[in-house]
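Have a look first, then read on.

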Amino acid sequence: MSRYKKDFPIFQNTKFYSKDLVYLDNSATTQKPQVVINEFSQFYENSNANIYRGVYRLSEEATSLYEKSRKDVADFIGAKENEIVFTKNTTESINLIVLSFARSILKKGDLVLLSIVEHHSNIVPWLILQKEIGFKIKYIDIDDTSFEFSNIDLLLSENPKIVSITHVSNVTGIENNIKEIANKAHRNGAIIIVDGAQSIPHKKIDVVDLDCDFFVFSAHKMLGPTGVGVLFGKQKFLDEMQPIFGGGEMILSVEQNNCSFKSTPYKFEAGTINFADTIVFSKSLEYISNIGISKIEKYIKDLSLYTYKRLQEVDGIKIYGLENTSGIYSFSIKKIHPHDIASFLDEDNIAIRAGHHCAQVLMERFEVYALCRVSIYIYNDKSDIDKLVDSLSKISRLF
Ligand code: PLP
């Protein structure tokens with residue numbers, strides 16, 4: 001058994017079935033360890049007050065806990081504190097970059113590069129802005145055998161203004177070499193935005209080493225609370241950007257016909273933000289750091305290789321990706337609808353995802369409507385994968 005499983009109370013819960021829960025939908029969201037769950041009551045019982053606004057000690061304590069979270073996040077990814085903006089999730093982080101930064105630099109006829117594997121959250125905001133400005137969008141394709149980007153050099157030579165791509169695909173699990181792509185993008189004068197939602201839970205991220213201009217992710221995919229997202233941006237870009245939400249606490253002064261804003265990152269955090277969850281997020285980072293991100297990386301890598309090997313034993317399976325180190329595998333089984341597979345697995349208390357995975361552009365490229373997906377995290381182990389493969393084999397024999 002994974003030595004980390006005991007830290008997660010949900011695995012002691014037998015609410016739905018007598019069989020133990022095998023949770024393999026970690027790309028959607030991860031489970032929470034007891035120390036993180038405890039942190040909610042700890043905060044609400046001892047330190048709750050609105051941040052920044054009060055001059056009393058309780059409010060000052062809440063403010064310093066919130067700013068500690070910002071520092072912890074900055075340290076976790078090798079950034080500076082004022083380069084970290086808290087948002088609601090990855091989706092909101094990308095929308096903020098698109099509606100503020102991209103809107104200010106893009107003109108009709110400019111080129112934005114996305115990739116065919118992007119999650120909808122890195123496609124739809126661009127499509128919305130495209131309607132307003134009229135820039136072009138081109139999609140980097142993937143190779144049919146390696147599933148890696150194929151025509152990126154060619155598209156970069158067309159001088160895009162912005163390249164916005166995922167670090168790890170939430171469908172294929174394939175990791176893109178961001179450092180190399182950022183280097184090439186910069187040489188071609190482009191800005192690079194990286195969606196790190198599926199990489200940061202189990203890969204060491206150093207934004208300086210990657211040299212990306214923006215890097216975004218969600219706390220809930222890394223053992224943290226929902227409702228907390230991170231937008232890292234190089235300070236020079238954040239300073240240039242205008243806020244898109246106005247309201248309390250992001251201003252310096254307001255008059256009837258004029259207002260001025262605080263500096264980066266405060267000008268982006270309008271109103272009463274989700275400070276309690278953001279404070280709790282710090283505990284998730286502490287939990288991950290106590291294990292060690294390189295240990296997690298190795299654990300996921302080993303289990304990922306085992307998963308790939310075992311999945312291939314299932315009759316009629318087709319995996320849409322190759323062996324990878326991210327622990328994400330999407331697949332179909334001949335003649336069985338993905339939703340039926342997921343429902344059958346649920347009978348054995350195995351939770352996986354079935355659907356288009358918010359990646360309809362990629363589904364169209366694969367000529368499928370839907371796929372099944374398994375995604376692992378630190379509380380999973382070989383016995384979970386064995387149960388999955390047994391159950392899948394049982395299903396494949398039914399048809
Ligand atoms: N990007 C990728 C690669 C994802 O896998 C996801 C969610 O699964 C998102 C973005 C969106 O994350 P959120 O729903 O937390 O905004």
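This is a predicted model: local features need pLDDT of at least 70, side-chain atom pairs count only at pLDDT 80 or more; totals for chains, interfaces and linings use all residues.

Q: What distance separates a polar side-chain atom of lysine 221 from an oxygen atom of the ligand?
A: Two side chains are worth a look here. Histidine 220 puts a polar side-chain atom 2.8 Å from an oxygen atom of the ligand. For lysine 221, again with a polar side-chain atom and a ligand oxygen, the value is 2.6 Å.

Q: How much of the ligand's accessible area does the protein cover?
A: Taken on its own, the ligand has 390 Å² of accessible area.

Q: How many residues of the shell around the ligand are polar?
A: The ligand has 14 residues around it, with Thr91, Asp195, Gln198, Ser218 and Lys221 the closest, and the space it takes is the largest pocket. Sort that shell by type and you get one nonpolar residue and two charged ones. The polar count is 11.

Q: Why can the protein chain be called as compact as a globular protein of its length?
A: The chain's secondary structure comes to 13 helices and 15 strands. For 399 residues the globule rule gives 21 Å, and the chain is close to that, so it is as compact as a globular protein of that length. Its radius of gyration is 22 Å.

Q: Which residue's side chain makes a polar contact with the side chain of glutamate 132?
A: Start in helix H4 (residues 124-133), where glutamate 132 is found. Leucine 388 is 47 Å away from glutamate 132 in space, C-alpha to C-alpha, and 256 residues away in sequence. The side-chain partner, at 2.9 Å, is arginine 103.

Q: Which residue does a cis peptide bond join to proline 265?
A: Most peptide bonds are trans. Proline 265 is in the loop between strand S10 (258-261) and helix H9 (275-291). With omega at about 5 degrees, the cis bond joins proline 265 to threonine 264.

Q: What is phi of leucine 223 near?
A: Most residues other than glycine have a negative phi. Leucine 223, in the loop between strand S7 (214-218) and strand S8 (229-233), has a positive one. The value is near 70 degrees.

Key. Residues are numbered from 1 along each chain as its sequence is written. Side-chain values use heavy atoms; hydrogens and water are left out. A residue is near a molecule or strand if one of its heavy atoms lies within 4 Å of it. A polar contact is a pair of N or O atoms within 3.5 Å; within protein, one must be able to donate a hydrogen and the other to accept it, and residues adjacent in sequence count only if both atoms are side-chain atoms. Accessible areas come from the Shrake-Rupley method with a 1.4 Å probe; for residues, only the protein chains shown count as cover. On a 1 Å grid over the protein atoms alone, a cavity is a set of points where a 1.4 Å probe fits but cannot get out, and a pocket is an open set with protein on both sides within 12 Å along at least five of seven lines; lining residues have an atom within 4 Å of a point. A molecule sits in a cavity or pocket if more than half of its atoms lie within 2 Å of its grid points. Ala, Val, Leu, Ile, Met, Phe, Trp, Tyr, Cys and Pro count as nonpolar, Asp, Glu, Lys and Arg as charged, and the others, Gly among them, as polar. Helices (H or I, at least four residues) and strands (E, at least two) are DSSP runs, numbered from the N terminus. The radius of gyration is taken over C-alpha atoms; the globule rule is 2.2 Å times the number of residues to the power 0.38.
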